[in-house]
Amino acid sequence: MNLLTAKEIRKSYTDRELFTGIDFSVEEGDKIGIVGINGTGKSTLLRILAGAEEPDSGEVVRGNKVFVRYLPQNPEFPKSMTIYDYVVTANKTEDNEWSIAGDSKTILNLMGFPDENEVIDHLSGGQKKMVALAAALMASCDILLLDEPTNHLNSQMVLWLEQALIRRKGALVMVTHDRYFLDRVCSRITEIDKGKLYHYETNFAGFLEAKAEREDRELASYRKNRNILRIELEWMRRGARARSTKQKAHIQRYEELRDRIEAPVMDGKVEVSTVSSRLGRKTLELAGVTKSYGKEILIEDFSYVFRKMDRIGFVGPNGCGKTTMMKIIMGLEKPDRGEVITGPTVKIGYFSQENEYLNPKMRVIDYIRETAEYVQTEDGSVSASMMLERFLFDAVLQYSLIEKLSGGEKRRLYLLKVLMEAPNILILDEPTNDLDIQTLAILEDYLERFPGILIMVSHDRYFLDKMAERLFVFGAGGRLRQYEGGYSDYLEKRRQEEQAEAVKNQPVSRSIAKTEKVKTSRLRFTWQEQRDYESIEAEIEQTEEKIAALEKQIELAATDFVELNRLTKEKEEQEGLLEKKMERYLYLSDLADQIEKEQCSHSI
């Protein structure tokens, strides 16, 4: 069933044409991810679909009684409003006025807000985004529009949101840079590329493959037309007898082909040679660093000596102290105890979570020239203008005012300035926020060749998997634990630790103790073991069926958060029961095999 259709949409901003007559539709159950480089109009398209912005021409048609809910990239909140009041006000209707209070408290608890009466003004950027998400997810809407929903969320919350959106029955359209998130949630990708839309009925991994095939086809077609044009040109140079009707048609064909042929424009890419300063033997050391705010200990006695070419990631929930650690390294904050020791050649570049102030009335090129007119790279001296081109700022954009840039373009410009400073230690605090996927891919390629120390704070699992070689994870009391590898390696190690801890804390059962005793005598089942052995397979099957039934009920209750909470808890209980039954089954099966072997040996 069609819920929404956008027809012949055109939109321009001053001298920039975003859309050249595009069509877009949303069907019931669609989960659509919108991708494209910064400045192509992803957020603008969402606002047009939401009715928050009008196109220059074209129309957006919604089905009868189709309700759309839109979560902008940077939501605004009324002053002095509590979390609870905001979520309830955004979603209260005549139909849900009796259940809205309970539903709001349930989802806020799930998202880590035990005190729903907290004033939103007091929250961090990440916490504010979570409040806005809670209100959006509670909405009983047909189409949910999300602009960068994972920005500022920690990894645990991203996983929670991922599962919530997978279960959600309504249509979803979102803009996000999180590649794992796109791949797992979306079943359709729409790419904005040079004013046109390209639709791919696949997830993100399939989109990458299909896009490469499309570009190959366009390039092959261009080369074929170029070859035909070359042949036509040779014929023209030999001289055409223009009086012949046949030859006139030939000339006309040549002219039409010449006017029509145009090289396919591939994606712009951030191509930049490595820019850095020499780093001496003495690098950077943290010695016994401790930092508290009031009674809350953020960092407790942390020491580490950074080595050349270190790729270090800091991971933990919002508010745990990651950005504080970066500011201590930068010298922007002082530790309560301990010290930061920096070598004489150390030059730190800090790409902060929030952009530094960008003068909106300054031209783009002047902003970069303030840092350096020329920089030395592997390829020699490169001008500010050339560096801007490599960072996707063409001649027109370079002389545009900063106020005309999109949020992502401003973020990319700020990143270029940091790199132009030629640091040998690069600190990236949430670098993936607001950067488009193409820029991220090339940035990652640049960072792999960066000949210095890389320190990063990120909730982007893909980025950490690709870039980090060691993680420090914030834990209780400000203690940091070290894990080798990327984020997926850390998750696997934590899973193994939790399993080992569960086995360690599990009381030794009577049956196991009895098994130890009978090692010197004939093995046999106890009465209870024999009874369990006969029934355990049927019990496992019944438990699996219960879990499957609960999963179906959870899908149906995607927007009923009270029922969803109850069903989720029941499912977790059944999964725990299944795990115990499986362990019991393995033990009994092993014991049965031993009994059979012993009986065979005694019968010989």
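This is a predicted model: local features need pLDDT of at least 70, side-chain atom pairs count only at pLDDT 80 or more; totals for chains, interfaces and linings use all residues.
Residues are numbered from 1 along each chain as its sequence is written, and side-chain values use heavy atoms, without hydrogens and water. Local features need pLDDT of at least 70 and side-chain atom pairs count only at pLDDT 80 or more, while totals for chains, interfaces and linings use all residues.

Of the 604 residues in the chain, 48% are buried, that is, under 20% relative accessible area with a 1.4 Å probe, protein chains only. The chain holds 19 helices and 20 strands; these are DSSP runs, helices (H or I) of at least four residues and strands (E) of at least two, numbered from the N terminus.

Six strands make an open sheet of mixed pairing, in the order 5-6-7-3-8-9. Two strands pair if DSSP finds at least two bridges between them. Strands 5 and 9 are at the edges with a single partner strand each, so one side of each has no neighbour in the sheet. Strands 8 and 9 run antiparallel and are joined by five bridges; in one of these strands, strand 9, Leu 197 is the bridge partner of Ile 192.

Helix 1 packs on the sheet and touches strands 3, 5, 6, 7 and 8. Some of the elements involved are listed here.

| Element | Residues |
|---|---|
| Helix 1 | residues 42-50 |
| Strand 3 | residues 31-35 |
| Strand 6 | residues 143-147 |
| Strand 7 | residues 171-175 |

Conventions: Contact means heavy atoms within 4.5 Å. Axes are lines fitted to C-alpha atoms, for helices over the stretch in contact, and angles run from 0 to 180 degrees between N-to-C directions. Buried means under 20% relative accessible area, exposed over 50%, partly exposed in between (1.4 Å probe, protein chains only).
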